[in-house]
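Me: I would like to learn how to read salt bridges in a model. Can we go through the case shown here?

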Amino acid sequence: MPRAVTLIRSASLSDVAEYAYAATAPAESRLIFLAGACPLNDDGSTAAIGDVAGQAARAVENMKTALTDSGASLHDVISTRVLVASHRREDLVTAWEVVRDAFGDHDVPSTLMGVTVLGYDGQLVEIEAVAAVLDS
């Protein structure tokens with residue numbers, strides 16, 4: 001199936017970043033703007049209290065469900081923003097590693113941010129995403 005997303009690498013920028021620096025989608029693609037995927041269980045409770053990696057994994061699973069319900073998959077994501085309620089860089093890196101691993105070789109442009117608080121009790125991670133698909 002043809003994909004709408006084209007990842008762009010830059011030889012002029014550092015290769016240290018674990019993601020593409022830009023991405024494009026053609027004009028005929030349908031854009032999907034996802035609400036922030038939160039680490040919520042089916043009953044609405046916060047998953048993996050106190051566990052950044054566990055919350056990141058649950059948020060990824062919830063994001064995948066929202067993508068599927070929109071007719072898309074992780075390979076259709078064009079960008080992400082990963083929010084981590086922590087001032088500790090190691091917590092940000094922990095969340096990022098879970099997200100990065102979930103995307104595999106589809107290393108979309110991403111922003112990783114430490115924030116002071118997120119919306120649900122005990123919430124440490126949230127993942128925003130935009131996807132692009134070519135409908136047949």
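Me: How many salt bridges does the count come to?

Reply: The model is predicted. A pair is counted when a side-chain nitrogen of Lys or Arg lies within 4 Å of a carboxyl oxygen of Asp or Glu. By this rule there are nine salt bridges.

Me: Take Glu128. With which residue does Glu128 form a salt bridge?

Reply: The partner of Glu128 is Arg81, and their closest N and O atoms are 2.5 Å apart. This pair links distant parts of the chain, 47 residues apart: Glu128 belongs to strand E6 (residues 125–133) and Arg81 to strand E4 (residues 77–85).

Me: Is Glu128 buried or partly exposed?

Reply: Buried would require a relative accessible area under 20%, and exposed one over 50%. Glu128 has 26%, so Glu128 is partly exposed. Arg81, with 36%, is also partly exposed.

Me: Which residues form salt bridges with Arg88?

Reply: One is Glu90, with the closest N and O atoms 3.2 Å apart. Asp91 also meets Arg88 in a salt bridge, at 3.2 Å from N to O. Salt bridges with shared partners join Arg88, Glu90 and Asp91 into one network.

Conventions: Residues are numbered from 1 along each chain as its sequence is written. This is a predicted model: local features need pLDDT of at least 70, side-chain atom pairs count only at pLDDT 80 or more; totals for chains, interfaces and linings use all residues. Side-chain values use heavy atoms; hydrogens and water are left out. Helices (H or I, at least four residues) and strands (E, at least two) are DSSP runs, numbered from the N terminus. Buried means under 20% relative accessible area, exposed over 50%, partly exposed in between (1.4 Å probe, protein chains only).
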